[in-house]
Structure formats: structure tokens, C-alpha cells
Amino acid sequence: MVPTPYYIALSALLLTIGSVGVLTRRSAIMVFLSVELMLNAANLAIVAFARQWSARGVESALSGQAAVFIILAIAAAEVAVGLGILVAIFRNRVSTDVDELSEVRL
Amino acid sequence: MTHVVAWASLAPVLALAGSLINAFFGRNLKEPAPGIIASLAVAGGFVLAVLAFIGLHGSDAGVQVTFWRYLTAGSLHLDLGFMIDRLSVTMMLIITGVGLLIHIYSIGYMHGDDGNSRYFAELNLFVAAMLVLVMADSFPLMFIGWEGVGVCSYLLISFWYKDRANPDAGRKAFIVNRVGDVGFLLAMFLTFKEFGTLNIAAVNAAAPAMLYGSGVLTLIGLFYLLGATGKSAQLPLQVWLPDAMAGPTPVSALIHAATMVTAGVYLIARIGAIYAMAPGAAATVAWIGGLTAFVGAFAAFAQTDIKKILAYSTISQVGYMIAAVGAGAYWVGIFHVLTHAFFKALLFLTAGSVIHALGGEQDTRKMGGLGRHMKVTGNTALIATLAISGVPFLSGFFSKDAILSSTLNSSLLAGNGGDALYILLLVTAGMTAGYMFRWYYRVFAGESRVDKHAAEHLHESPPVMTWPLGILALGATFVGYVGLPEFAFPNYIQRWLEPATAKVDFNQLAASTDWLLIGLSVVVVAIGITAAWWVYHVRKGAPVAGLKESNLASASRGALGFDALYRILFVASGEGVSGGIATLDRDVVDRGLAGAGSAVGLLGRLATALQSGFARAYAFAMLLGVLALVVVAALTGVVR
């Protein structure tokens, strides 16, 4: 069985990659992708801990796996809405550069 | 007969109804209709007053009409009720009788005015308030009428409100009256404290049992006097009356001559029982009246406005009445109210007729010789002038002589300068004859100084205006015969009023002395008239032309500088206070608020710096925040 710290290390790596992506990419699509990466890094950490606790016989550990399913479902919904918004923005501006999206500011 | 008298309590209701009809529906009525409705309402009141007058001949006591109790607080019970006795019926006859003639005259005078229905609504409301004032059986109800009269005079003085000076004059009248009203209120408080009731008849009944000349009675008397000086334009609150001439002339006749200014006289006569027990207060009343009579007559000499001369003469004549009631001769005061109502209303209405004919001109320097063009106006004005001057066998003669002898003989004034007051009033009588004939000669006699343009339009007023003049002239001539000198002739009005007023002792002089006094006053009046005739008619004012710039003349023009004094004392200090408050408001409150506003704005502008509008900057801030949370959690061990 792969020890839990390995999973956590991978999860941290994914989170770092995701956050760097969010901070550096200007295309909204790539930002969006990076956010998904961060979300799944968190999912990975949660299921890894859930597996470790259930191996020790803690029943409530299953709730971690349930939480991941819920997060996946929400992520799917969020992707649908977020991509919809992105398409609408692209139709309006022929660009998805997040730095240009600052009209709401005074 | 009792219920015939009680019906008189409907008189104010009638006038009020007339007022309401004109106020709400007057605008839809064609021109003479509002005037006719108003006149009918007052005529109804007059008929009721006459019936009550006849009905009261049978008994000395009045009739008390109580409608309902409208206030109970502790031991204080206030009934809404009217006291219809000989005194109040006399006043009702004057108010509705003279008032009716003035209403009829107004139909002609206010013809074609935009505010015709408003005018008659206010005039009727005034009559209603004045009737409430004289018929009230308790001080608070009297005060309601008192205030109503004040409000109506404000409304009517500022009737032509589009000219700024008129509402200013109205406000002045109202504010000066307020000062007097404070006196009335304080007097009511003290009355309730002393007597435990505010019913006038009960107070009058209880007063004789009080300590003669006690301090509190004197104080009550002085406070009521303050109220009376406000309403009756006596020193030191006389300043509003000359300005009140800003209203339409019939208003001046009704309010500022025949009725409203007599309210103070009526008040003191009504509560005579208090003054009869407080000689100090009574003497103060008499002296205020005497001094006012003198000051008014003095000020009348240098005026050039046709109505202002009459205004000062009103102040002076009311001073006579106040002197009489101060001396305790209550019937004499009311008698002069009666005669004065006729000749002063007549004077004002002839002045109105002149102003009407000249298209609004009020300056006597641009008049003269008008008697030749306006026969009825000129002749009736002459009768009124003779009457007010105190020429024998006209009404003013009898009432003025009664006042003079009452000040000389009153037991209330014995030791309080009754003799000096007599001399003051006697001199004033001569002055009255002088300034009134100056008025007559400058307006109606001599050569014409009328503008050419105005002279072409010169016309006698229509019959609706001249008829009231004629009737008033009859009254001004003959009404004095109800009060023939009581030592030699049957005196009707004294016997009529005495049961309704307080009893004060008067010295009985020998009949020969009385005749001598009358002769003396006739001589004084003759001197006054002759002097006026010589100075203003024969020499055309030449003997006094040199006086124009003198201190005497300017003192008379400025009415002894009361207005200037009050301007310094009250207006200037008021302006100082309000100026200070304005500065405070502008420099502290306004600036503080503006500063607070801009500080909030600045803060907001600072906060916008946080919102860069770059999504990645927000993301970075979130990352930093999460990192900070993680570090804190790791270091403090919150998460086990």
C-alpha cells in the first residue's frame, strides 16, 4: 500500500502547480483549468486521509469519500456555469484575457 | 323673556356660518353674493342682539347659556358657555350694528377685488371672534375670542398680501398683540390660583370679599391691563395700530376703530370687580389711558397719511375709554365705546370713500377741497369730526364729558392724581379738536391739491357706500343722547349698564360745579377748533410751516420714537441673536456636515485602491490569506 505522505506530497505538488497557473496565466480557460487542478489536489488529499483512517477502522472515515463525490458533482456544475460565462464573454470581446476584465471597478 | 335672550347666543354661530360659506363656496359665487351672505349673517346677529336687548329690560341679571363642559382637570371645570347680560348685549349691538354697516359699505368698496369672497369670509370670522370675546362666560373662552380677533386682524391687515409691506404690518400687529396675550395668560393663571375658578361671574362675585388693595389683586389687575394694552393699542404696545392701516379701509373702520381695540376696554369693564378692589391697578389703568390719549393726540398732528391721522386718533380715543374704566366709571367707558364706534367708523369710511374716489391716494398733501366734489362724504365727515372733537350736542361731547368728570371724581383715583389726569385729558380734548379739524381742512376744505389725472375721475361713491355713511352720521349725532349728563338729566345708559358692572364710589359735586366743568371743556374744544381753523384753513398751514424741521414736529411724526426704540431694543437684539445662530449654523453645523461627508468620500476613495480590478491580483491576495491561515494554524496548533 502506498503510504499516505506520498499522496499528500502529490496533492501539494498539484496544488502548487494549480495556484501558480491561476496566478500566471492570463487566458481565462487556463485559469479555469488551474482552478480545477487545485480542486482535485484537495480531493486527492481528502481521499488519501480517508483511506488511511478507514484502514485503522474508523467508520466515519467514509465521510471523506462521500465529500469528494459531492465536490466532484459541484465541480462539474461549476464547470458548466463557468464555461457558459466564458463563452458569453468571448462572444462579446473576442478575448478571454482576465486582466482586461476590470469594468466593474470604479 | 329668558329664551329670547338666550337665542342671542346664536349670533356668533351665524357669523361663523357666513364665514365658512364664503370660505368654501365663495369662489364659485358671483360678485355681490359673498358680500350679501356676509351682511345677512351679521344682520341676523344684529336682530338677535336687539331682541336680547329688549328682553333684558325686564331683569337686572343676565342670562347664562351653557352648552357643554369641555374640560375637566382636577378642580378646574371649563364650560363652553355664554353670558348674555346688559354689558355684553351692549357690545353685541355695537359689533353687529356698526359691523353690519361696514359690511354693506364693503360691498361697494371691495367691488372688483380678486379676493372678494376671502375678504368677506375673514370679515365674518372677525365678527364671530369678537362676539365670542364679549359673550364668553369664562376667561379661557374669552381668550379664544381674544386670539381669534388677533388672527383675523392679522389676516385682514395683510389682506393685500402681494405688497410686502402689508404682511409685514400684519405680522407686527400679531406679534405686538402676543406680548399683551402673555399678560392675559399670566393673569388667568393668577386668577385661577387666587379664586379657584375661571368663570368670570364667579370671580366678580368673589372679588369684593378679598382684601382691599392686596398685592395679588393688583398684580392680577396689572396683568389683565397688559393684555388690554396689547389689544387696545395702549402705551407701551400702541405701535401696531398705525401700521395696521395697511389693510383695506373698511377693515380699519371695523377692527381698528369700532370693535377690536375696544376689547381691552370691555375686558376691564367686565372684570371691574377686581379693579374696584385694587386701586393701585385701577389708577395705573387710568394713567396708561390718559398718557396714551395724550401721546396719540400729539402724534396725530404731524401725520400726513389720511388714515394714519385717524389711527392715532383711535389710539387717543381708546386712551380716553381706558382712563374711564380705570377710574371705575365702567358705564362711561362703554358709553364712549358706543359713541366712538359711530363717529370713528364714520371717519374711516369717509376716508375710504376719499381713497376710493382718488384711486388709492392716501396722502393728505395731495387732497383738499374734496367736500365740493363729494357732498355726502364731505358733510358726513364734518359731522364725525365735530362729534369726535366734542362739540356740544353731538355724541362725542356727552361721552367725553362723562369721562372727564369721572376721572375727577373717582374714589379709585383719589390720591392717585385724579386731578392731574383730568387736566391731561382736558388738554388732550383741545388737541383732539385741533388735529381732527386739521384733518378735515386738509382733506375736504380749502383749495384742491389733487393730481390733474385723479381730479378727472373724482366722483362721489355709489349709494351702497354713502347710505352707511348717512346712517352712521345719524348715529354719531344722536347716540350720545342715551347718556346725558347724569346730574341734571335722565341718563339711560348708566341705569342700563350699572347692574352689570362693578360699583365704584364717585364724589358728588354741586350741579353748578358740573356745569362749570362742562363749560370749561367746551371752551377748550372751541380753542382747539378755532386754532385749527386759523392755522390750517385761513393761513393754510403757514404759522406751523417753520416748525416742520423742529424737534417737536419730528417727535410727533415719529410718535415719540416708540417704534425706533423698539427697533433698537427688540428687533435689533433679535436680529443679533438670529444672526449669531445663522453664523453658528453656517460655520459650525454646515461645515461640520460637509467635512464629515468629504471624509467619508476620501475613505471610500482610499478603499478603491484595494480593488485593482485585476482578477489575478485578487487570486494572489486569496493565496496569501490562505497561506497566512495555514501558518497561523501550524504555529498555534489549532488543528490537532
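At 1.5 Å a residue, helix H23 (residues 511-538) of chain B, with its 28 residues, should span 40 Å, and its end C-alpha atoms lie 39 Å apart, which agrees. The expected span is 1.5 Å times one less than the number of residues in the helix. The model is a predicted one: local features need pLDDT of at least 70, side-chain atom pairs count only at pLDDT 80 or more, and totals for chains, interfaces and linings use all residues. Residues are numbered from 1 along each chain as its sequence is written, while chains are lettered from A and ligands numbered from 1 in the order in which they are written.

**Helix H23**
- The buried residues of H23(B) are B:Ser521, B:Val524, B:Val525, B:Gly528, B:Ile529, B:Ala532 and B:Tyr536; buried means that 20 or more other C-beta atoms, placed from the backbone, lie within 10 Å of the residue's own.
- Helices H17 (375-389), H18 (395-409) and H19 (418-444) of chain B are among the elements that cover these buried residues.
- B:Lys540 follows H23(B) and has a positive phi, near 55 degrees.

**Chain B overall**
- Chain B has 27 helices and two strands, taken as DSSP runs (helices H or I, at least four residues; strands E, at least two) and numbered from the N terminus.
- Its C-alpha atoms fill a box of roughly 125 × 65 × 50 Å along the principal axes.
- Of the 640 residues in chain B, 52% are buried.
- Chain B is divided into domain 1 (1-137), domain 2 (138-557) and domain 3 (610-640), with bounds from an automatic or database domain assignment.
- The C-alpha centres of domain 1 and domain 3 of chain B are 87 Å apart.

**Nonpolar core**
- The largest nonpolar core has 209 residues; such a core is a set of buried Ala, Val, Leu, Ile, Met, Phe, Trp, Tyr and Cys residues joined through C-beta atoms within 7 Å.
- Helix H16 (residues 330-357) of chain B gives the most to this core, with 18 residues.
- Domain 1 and domain 2 of chain B each supply at least three residues to this core.
- B:Leu346 is among the residues with the most contacts inside the core.
- Beyond its neighbours within four places in sequence, B:Leu346 is in contact (C-beta atoms, placed from the backbone, within 7 Å) with B:Thr380, B:Ala384, B:Leu469, B:Leu472, B:Ala473 and B:Ala476.

**Strands**
- Strands E1 (residues 63-73) and E2 (residues 76-84) of chain B pair in the antiparallel sense over nine bridges; pairing requires at least two bridges found by DSSP.
- B:Thr72 stands opposite B:His77 in E2(B).
- The hairpin of E1(B) and E2(B) has two residues between the strands, and B:Gly74 takes a positive phi near 60 degrees there.

Terms used: Buried ≥ 20, exposed ≤ 12 C-beta atoms within 10 Å, placed from the backbone. Contact = placed C-beta atoms within 7 Å.
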